[in-house]
Each structure stands twice: as structure tokens, then as C-alpha cells.
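Subject: Handing over the structure, with notes

Dear colleague,

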Amino acid sequence: MRTLFAMMNMEFKQYRRGVLIWIAIALLTVYLPIGYYHFLNDLMQVGQFLQSSGYIGMASALFGLFFGILISRREQEAGMAECLASAPGSALRNLSKLLAWGAICFILMAIASIEVMLMIWFSGSEYLSFAYKVILYIFLYWGMTLFSCGVLGFAIGELLGQSWWKLPLVLLVWFAISPFNMLFSRYIPVNVLSWLNQGEQDLGSAYNGVEGLYLAYSFIAKKTAFLAVCLTLAFASVLIRQEREPSLKEKRTLAAAVAGCLIIFAIFVAEAKSPLSAYKAPLNNYMDLYLSQDGEYYSANGSSKTEMSPPAFEVDRYDLDIKHTLNLINYNAQMRVSHVAPSLTSLRFTLYHNLEVKQAEVDGKPARWKRDGDWLYVDWPEGKVEGDVSFHIKGSAGANNPISETSFFMSSAFPWYPVPGTWIVAEKFDLFYEPQYNHIALSKPASFHISIHANERTYSNLPKQADGTFAGQSSGATVLSGMLMDKNVGGYQIVGPPDRIDEVGSAIEKVEQTKNHLSSLLGIKAPDMPKQIMVVPSFSFFPNYYMQLGEDELFVNELITRNPYTVENIARMESVFQAFFWSNRYRINDEQNSYIFRMILEYMESPNKKGTTLSHQVREIERQGDRAPATAYLARDILQFYNNQGEKGLKRLVRAAYQLSDARTLDFSDWKKLMDRSY
């Protein structure tokens with residue numbers, strides 16, 4: 001051991017005497033504050049700064065590869081290789097090089113971590129509460145890349161020696177393990193390229209504050225597997241290219257090291273696959289992936305509206321034990337059912353189709369069940385009026401309730417657990433690329449007890465009993481997990497990403513004002529503003545869906561919180577109307593009227609009338625003529641009505657149409673009749 005430390009000390013002296021390490025330290029210490037300063041000026045937060053610093057990871061890879069070659073050839077360049085090979089303890093020389101390189105990498109990352117944490121502290125960022133995640137990110141994305149590539153460069157230097165092929169090989173390896181390797185996706189499978197990539201999957205993507213820094217187990221497994229491959233090549237290169245004939249003990253030791261690294265690789269490579277590994281942009285994020293899947297499903301497989309039925313029974317209690325793994329939830333649901341109609345032989349539930357039922361029981365005995373899209377049927381003993389029903393369920397909950405490897409969101413207005421009755425979960429209309437999800441909750445409050453097993457912090461609309469445990473009475477249960485924190489702002493308890501909560505709190509006050517204005521305009525009492533606000537994973541790209549109203553909480557789309565100036569857009573009339581006056585209750589086949597209402601409200605609110613959706617629809621008549629959609633002709637009639645009756649007339653039209661829409665679905669002729677009646 002003393003010999004090994006002495007050799008490592010010699011390696012450290014070589015590092016101190018060389019200029020490359022000092023250049024690396026200087027560049028790192030200068031780049032980080034300059035980059036952070038520009039990010040603050042651009043109103044970007046710490047998470048975006050770290051995610052967009054993937055070029056540091058690429059620089060680390062290139063630096064490591066070249067430095068590995070240099071340290072592997074140090075004795076040969078000095079003409080001392082044969083002399084040192086015959087010296088005592090020479091078998092430990094290569095190990096001392098790798099250990100010294102690891103220590104240098106650790107020192108560099110410690111400097112980077114201290115510098116970043118000091119900048120976070122000076123700027124007053126709330127990411128200080130997540131210091132361990134920031135430091136882990138730096139060591140994983142920059143440090144492990146630097147160390148692994150140094151080991152790989154060492155192997156290349158040992159194997160190729162003085163060959164000029166080293167340079168093109170190093171550049172090829174560097175490009176292959178960078179985020180830009182997707183340029184080869186026409187020739188190499190995407191999942192292979194995704195595994196090789198040692199940085200962020202997409203350097204140009206916006207930072208998702210709820211998902212947080214990507215520190216999923218699959219990524220850690222990938223970094224570990226890559227390091228094992230690099231060590232395997234390094235040990236194998238030493239075994240193959242020795243300056244002298246190694247002893248039998250040295251051969252066995254090196255062979256054992258190679259075998260051990262291969263075993264580590266085999267263990268972790270199977271765990272290194274992310275659910276997104278098979279996709280490239282734009283489907284390399286969960287929001288786009290789920291929207292694509294749901295859009296395709298509900299375009300082709302919407303449930304039949306003729307079979308819809310309200311519940312013929314009640315659920316008094318839900319006991320849910322939830323485990324989060326990758327982009328799936330796996331849970332046991334135990335339910336107490338009562339007031340079952342004596343003639344009923346099958347219990348009908350609504351459960352999102354990608355949540356697969358693995359097992360069903362009635363009063364502890366296996367029961368037969370059947371799935372039909374979003375509907376679930378469970379056999380029930382005739383004449384039995386109450387009992388216990390349990391399910392084992394596993395899957396994902398789609399675009400409206402996105403689950404990623406580092407976060408998940410389950411809404412109280414969505415059937416992520418079996419909801420009595422058969423309801424239409426979502427519909428796909430030609431007006432929108434995205435499916436339109438319906439508000440589905442229990443008809444009567446039930447008692448919930450929820451246990452959650454997740455790596456991130458968890459939150460719920462139910463009272464907290466302990467970490468990861470929630471219980472209470474409600475018409476629906478919400479669970480949320482991610483890189484989040486909670487804070488009381490202006491009397492609202494807000495759950496959201498660090499550095500974004502205060503801006504959301506300020507915007508909520510304006511939402512309250514807009515809500516009251518709409519209440520007066522529509523002539524109805526507005527729903528109360530919930531005291532619990534949750535910033536949830538992005539579930540829609542449309543401005544109309546910046547918010548959703550749950551049973552006793554308000555959900556704010558994370559997408560709109562990424563910039564402190566844009567977050568105030570949640571208070572726009574069309575967004576508040578959609579959340580508080582339209583999507584807050586169950587409606588089907590009526591998205592067309594929602595679109596018309598929002599079109600009118602946007603026109604009334606906007607100072608730039610020509611840039612509104614209403615004006616754009618009118619211009620479609622000029623562009624398409626007879627082929628223009630019916631909404632374009634209705635928009636023309638509304639615009640003419642506005643020119644004749646002014647804003648007061650438009651307000652009367654909106655109020656009359658909204659009150660009529662509560663009774664039935666309006667068609668275009670109803671709108672025209674209301675306008676004719678107002679002249």
C-alpha cells in the first residue's frame with residue numbers, strides 16, 4: 001500500500017507540473033460564473049442552467065480522452081518505460097495512474113460544486129434546499145464523464161501506442177457518446193445511441209421544473225455500466241500491452257479485474273434502459289410521447305357514448321398503496337362498496353385504459369373482470385348490497401396525468417383509480433391536436449387512505465399523516481411527486497418547483513380578479529378559489545389549459561411557470577373561463593362551444609383585435625372560400641354582430657349562450673338565433 005501511495009504521489013507531482021490541469025481549472029472557474037450570470041439575466045433558473053451546461057459534459061469527455069492518452073504514454077514519451085518496468089512495484093504503476101486520475105477528477109468536481117453552490121447562495125435561489133441533487137448532478141454528468149473518458153483514453157493509448165489512428169478514434173468516440181450522436185439515428189438504432197449518450201438527452205430542451213434534474217436510477221445505471229466498460233478496456237489493454245512479460249499472479253489479477261468489470265457491466269446494463277430510450281425528438285420527453293399516444297388512441301378507440309351509465313353503487317373508502325417505478329405506478333387498491341342495487345351482477349368502473357388490472361378480488365376471493373377501453377367490469381354476487389373489492393393495478397396515466405422517471409401526477413378529477421360508473425375519459429376533436437379530457441370525480445365524497453413509495457417528495461390534497469402517507473375525506477384524491485417544495489403565499493398553500501412559487505402566488509391574485517369579472521359577465525356564481533395550488537407536470541401546450549380545477553385544488557401547468565413574465569398569462573380570460581366555468585364539470589362532445597366562448601373572450605380582452613383567433617377565423621373565408629370551416633362563418637357573424645352591437649351586445653350574447661349551454665349542447669344555429677334575438 002505504501003508503494004501504491006508513493007506512486008500516486010509521483011503522479012500528482014506530474015499533474016502539478018503540467019499546464020493542462022491548471023488550464024482546465026481556470027476555464028471551469030471562469031466559465032461557471034459567466035454562464036450563470038447570463039442565465040440570471042435571461043430569467044432562467046438554476047435547473048435550466050445545469051441542464052443546458054451539457055457542453056461542459058462534452059468538454060469533460062474530450063478532455064478526459066486526450067488526458068487518458070497522455071498519462072498512458074508518459075513513460076514512453078520520457079524514454080523510461082523499460083527502466084521503470086523492471087523497477088520494484090511496477091505492477092502497481094497503471095493502477096496508481098487510474099487512482100490519481102480519479103482523485104484529480106474528484107478535486108475538479110469539488111471545485112465546480114463549491115462554485116455553483118456559492119452562486120446559488122449569493123443569488124438567493126431556493127435550489128439551496130436541493131444542494132445534494134445539484135452536487136450529485138455535477139458529479140454524475142461532468143465528473144463521471146471526465147473520469148470514465150480518462151480511463152477510456154488510457155486504454156486507447158495503451159492499445160494503439162504511437163499510431164496516428166488515435167486521433168480520429170478519439171474524435172469518433174467523443175461524438176458517439178455526446179448528445180449529438182442522434183445524427184447517426186438513420187444508421188444505428190436510437191436505443192443504442194441513447195445508451196451511448198453520456199449527457200442530457202436533448203441539450204436544446206426546456207427544463208421541466210417538476211421533473212427536476214434528471215437523476216433517475218436508469219441514468220445512474222447507464223453511467224455505471226459505461227464506467228465498467230471503460231475499466232474493462234483499460235485492464236485488458238494493460239494485460240495485452242506490457243513492457244515486460246507479466247507474472248502469473250499479475251495475469252490472474254488483471255483477468256479477475258476484467259471479469260469483475262464485465263460482471264458489473266452485465267448487472268447495470270439491463271437497468272440502464274429508460275422508457276424514452278427508443279425515441280428521438282420530438283418524442284424524447286414524456287409530454288410529447290403521452291400526447292401522441294393518447295391522441296392516436298382516442299381518435300380510433302373512443303368509448304361508445306350509448307353505453308355510458310351513472311354509478312349504481314357507492315364507494316365509501318379507498319385504501320391505496322402506491323409504488324413509483326420508472327414511468328409507471330404500481331398500486332393495490334382496496335375499496336369498500338355499498339348501496340349496491342340488489343339486481344346488479346356486475347360493478348362498472350371507469351379506469352384509464354393504460355392502467356392495467358393485474359388482479360381483482362371481491363371479499364378476498366378472486367373475481368372475474370373485463371376491460372373495454374377506459375371501462376372496467378367486475379363480476380358481483382347478485383343480491384349482495386355491500387362488500388370489499390380490491391385490485392392490483394399497474395401502468396401509466398397518459399398525458400393528462402403524466403408519469404416520468406422522476407415525477408408523477410395523479411389528479412382528483414381523473415380516473416387513475418376505479419371510479420364508479422362508466423364515463424367518457426377523453427375525446428379527440430378536429431379542432432385540436434390534443435385530446436380533450438373530461439372532469440371525472442366521485443359523485444359522493446369517500447374516505448381515502450394513501451401510502452406512497454417514491455424517491456422524491458410527495459404531496460396530496462388530503463391531509464398529511466406522515467411522510468408519504470395521506471388520509472381524509474374528498475370527492476377525489478390527488479397525488480404529486482417531483483423536485484418540489486411547498487410554501488404559503490398570500491394565504492394560498494402552493495406546491496411548486498423552487499424559484500417559481502412566488503410568481504405563481506402573484507398570478508393567482510390576478511386569476512381571482514379575472515374569475516370574479518367572468519362571474520359577473522356570465523351571470524353565475526363562480527367556484528371558490530381553492531386554497532391549495534399545485535404546479536404539476538406539463539399536460540398541454542394550449543394556452544387554454546394553463547390551469548385545471550380539481551375537487552379542492554387548482555392545478556397550474558408547469559409549462560407556463562418557466563418564465564416569470566409568462567406565468568401571468570394564466571389570468572387571461574379564456575384560460576380562467578376554461579378552468580373555472582367549463583372544464584370544472586363533466587361535459588362531453590361540447591368542445592366546439594368551448595372554443596367559441598374562448599374565441600369571443602379573447603377578442604373582448606385583446607387590444608390587438610386583428611391578431612385574435614376570431615379575426616383569424618374570418619380570414620379563413622377569404623383564404624379558403626366555400627371550403628372554409630363552419631366556425632369561420634360563425635366567427636364572421638359574431639364579428640358583424642360586434643360591429644353593430646358593440647361590446648355590450650357581445651357580453652349579452654356570451655351570457656345568454658353560456659346559460660343555455662348548461663341545459664344542452666349548442667349548435668351553430670343556436671348561436672345565430674341568439675344573435676338575431678339581440679338585434
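This is a predicted model: local features need pLDDT of at least 70, side-chain atom pairs count only at pLDDT 80 or more; totals for chains, interfaces and linings use all residues.

Residues are numbered from 1 along each chain as its sequence is written, and side-chain values use heavy atoms, with hydrogens and water left out.

Overall build

The protein chain has 19 helices and 22 strands, these being DSSP runs numbered from the N terminus, with helices (H or I) of at least four residues and strands (E) of at least two. Its C-alpha atoms fill a box of roughly 105 × 65 × 50 Å along the principal axes. Of the 679 residues, 54% count as buried, where buried means under 20% relative accessible area, exposed over 50%, and partly exposed in between (1.4 Å probe, protein chains only).

Pocket and cavities

Rolling a probe the size of a water molecule over the atoms shows where empty space is left. The search uses a 1 Å grid over the protein atoms alone: a cavity is a set of points where a 1.4 Å probe fits but cannot get out, a pocket is an open set with protein on both sides within 12 Å along at least five of seven lines, and lining residues have an atom within 4 Å of a point. Grid points are joined across faces, edges and corners, and a volume is the space filled by probe spheres set on the points.

The largest pocket holds about 720 Å³ of space. It is lined by 39 residues, and those nearest its centre are Ser205, Glu211, Leu276, Asn284 and Asn285. Two or more lining residues come from each of α8 (131–160), α10 (190–196), α11 (217–240) and α13 (286–300). By class, the lining of this pocket has 16 nonpolar, 16 polar and seven charged residues, with Ala, Val, Leu, Ile, Met, Phe, Trp, Tyr, Cys and Pro counted as nonpolar, Asp, Glu, Lys and Arg as charged, and the others, Gly among them, as polar.

Of the 19 residues that line the largest cavity, Asn400, Tyr437, Tyr545, Gln548 and Ser583 are the closest to its centre. The elements giving two or more residues to this lining are β12 (436–437), β21 (547–549) and α15 (573–582), and the largest share, three residues, comes from β21. The lining of the largest cavity divides into eight nonpolar residues, ten polar and one charged.

Charged pairs

Side chains of opposite charge can pair when their charged atoms come close. A search of the whole structure finds 23 salt bridges, each being a side-chain nitrogen of Lys or Arg within 4 Å of a carboxyl oxygen of Asp or Glu.

One of them joins Arg500 and Glu558, whose closest N and O atoms are 2.6 Å apart. Arg500 lies in the loop between β19 (492–496) and α14 (501–522) and Glu558 in the loop between β22 (554–557) and α15, so this pair ties together parts that are 58 residues apart in sequence. Both Arg500 and Glu558 are buried.

Another salt bridge links Glu574 with Arg572, at 2.5 Å between the closest N and O atoms; Glu574 counts as buried at 4% relative accessibility, whereas Arg572 is partly exposed at 27%. Arg317 and Asp319 also meet through their side chains in a salt bridge (2.8 Å, N to O), with Arg317 partly exposed at 34% and Asp319 partly exposed at 22%.

Surface patch

Val19, Leu20, Ile23, Leu27 and Leu70 make a nonpolar surface patch of about 450 Å². Patches are made of residues with over 30% relative accessible area and no salt bridge, like charges being joined within 9 Å and nonpolar side chains (Val, Leu, Ile, Met, Phe, Trp, Tyr) within 5 Å, and accessible areas come from the Shrake-Rupley method with a 1.4 Å probe, where for residues only the protein chains shown count as cover. Helix α2 (residues 20–41) gives the largest share of the patch, three residues. Val19 sits in the loop between α1 (2–17) and α2 and is exposed, with a relative accessible area of 53%.

Backbone angles

His339 has a phi near 55°, a positive value in a residue other than glycine; His339 is placed in the loop between β2 (328–338) and β3 (346–350) and counts as exposed at 55% relative accessibility. Asp363 has a positive phi too, near 50°, and is found in the loop between β4 (355–362) and β5 (365–366).

With best wishes
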